[in-house]
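Subject: Structure handover

Hello,

Please find the structure below. Some notes on what was found in it follow.

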Amino acid sequence: MDTKELLKKVRKIEIKTRRLSNHIFGGEYHSTFKGRGMTFSEVRQYQYGDDVRNIDWNVTARYNEPHIKVFEEERELTMMLMVDISGSEWFGTDEQFKNEIITEIAATLAFSATQNNDKIGLILFTDTIELYIPPKKGRFHVLRIIRELIEFKPKSKKTDITQALQFLSGVMKKKAIVFLLSDFIADDYKQTLKIAANKHDITGIRVYDQREESIPNLGLVQMQDEETGEFMLVNTASKKIRTDYSKYHLERVSYFKDTFSKSGAGTIDCRVDESYVTKLLGYFKRRA
C-alpha cells in the first residue's frame with residue numbers, strides 16, 4: 001500500500017470512528033470507566049444545596065461566611081488495546097474481513113479515550129509480540145495507532161493469547177483499561193487472564209464471521225488454515241464433519257466466555273455483519 005492510499009484509509013477511519021466517539025461513546029466511556037478517585041480542586045463560597053460535609057471550617061472562620069472544598073474526579077486513565085493480528089483475522093465471507101472490523105472498533109475506543117484525555121497504548125500480537133506502542137495522549141498518537149492497525153505486516157500467522165497477556169502484565173505496572181480484540185480461536189489462556197484481570201480492567205471483544213459458526217453443504221471443498229497455511233480437502237456433504245465443525249466452534253466460544261467470566265473480565269461478541277456500535281453501546285450502558 002502506498003503512502004497516499006494509506007493516508008486516505010487512515011482519514012476515512014478517523015472520520016467515521018471519531019464521529020462515533022464524539023457523539024455516542026465519549027460520555028458512555030466516561031461514565032463506564034471511572035477515574036482513580038477524587039482530588040481537591042478549589043475552595044469557593046457555599047451555595048444552597050451544597051453538601052455541608054465539604055465545608056472548609058478554616059476558610060469559613062477567616063472570611064466569616066461558609067466556604068466549601070470542591071473535589072474533582074482524578075480522571076486520567078490508561079487504555080491498552082491488545083489486538084490479535086494472526087492469520088485467522090484475515091477471514092471474512094461478507095463485505096469486510098475480521099481485521100477491518102477490529103481496526104474500526106479499536107479506533108472508536110481510542111478516540112473515546114482521547115476525548116476523555118486518557119492515554120492509549122497498543123499491543124499487536126500473534127504467537128509473539130509483533131509491536132508495542134507505549135501509552136500516550138493525543139490525536140496524532142491515535143492516528144499512528146490506526147496506521148499500524150491498517151498496514152502492519154506480522155512475522156507470524158499463529159496465535160498465543162497467553163504470551164500477549166504475560167507481556168501486558170510485564171509492561172503495565174499500574175491499573176489499565178484493557179480491550180483484547182481477537183476471534184479467540186485459541187486455548188490455554190485461563191491462568192494468565194486470571195492474573196492480568198486481578199490487576200487490570202479487561203474486556204474481551206470477540207469478532208467472528210458467521211461461516212465460523214457452521215459450514216453449508218457445498219460438497220468437496222478445498223480449504224486453507226490461515227494460521228498454518230495448510231490446504232485440505234473437506235467433504236462438507238458429510239453431516240459428521242459439519243457437526244464436528246460446529247461443535248469445535250461452540251467449544252471455543254464457551255471457553256472464551258467461561259474464562260473471562262470466572263476471571264471477572266467483561267466480554268463482547270460481535271459478528272462482522274452486525275453493528276459493533278450497538279454492541280459497544282450496550283456493553284457500556286450495562287457496565288455504567
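Helix α3 covers residues 98–115, and its 18 residues should span 26 Å at 1.5 Å a residue, which agrees with the 26 Å between its end C-alpha atoms. The expected span is 1.5 Å times one less than the number of residues. Helices (H or I, at least four residues) and strands (E, at least two) are DSSP runs numbered from the N terminus.

This is a predicted model, in which local features need pLDDT of at least 70 and side-chain atom pairs count only at pLDDT 80 or more, while totals for chains, interfaces and linings use all residues. Residues are numbered from 1 along each chain as its sequence is written, and side-chain values use heavy atoms, with hydrogens and water left out.

Of the 18 residues of α3, 15 are buried (under 20% relative accessible area; exposed is over 50%, partly exposed in between; 1.4 Å probe, protein chains only). After α3 comes Asn117, with a positive phi near 65°.

Strand β7 (residues 201–208) has 8 of its 8 residues buried. Asp201, Thr203, Ile205 and Val207 point one way from β7, and Ile202, Gly204, Arg206 and Tyr208 point the other way.

Strand β6 (residues 177–182) runs parallel to β7, joined by 6 bridges; strands pair if DSSP finds at least two bridges between them. Opposite Thr203 in β7 stands Phe179. From β6 the chain crosses through helix α6 (residues 190–199) to β7 in a right-handed β-α-β crossover (clockwise from the first strand over the helix to the second, with the strands pointing away from the viewer).

Strand β10 (residues 266–271) also pairs with β7, in the parallel sense over 6 bridges. There, Ile268 in β10 stands opposite Ile205.

Regards
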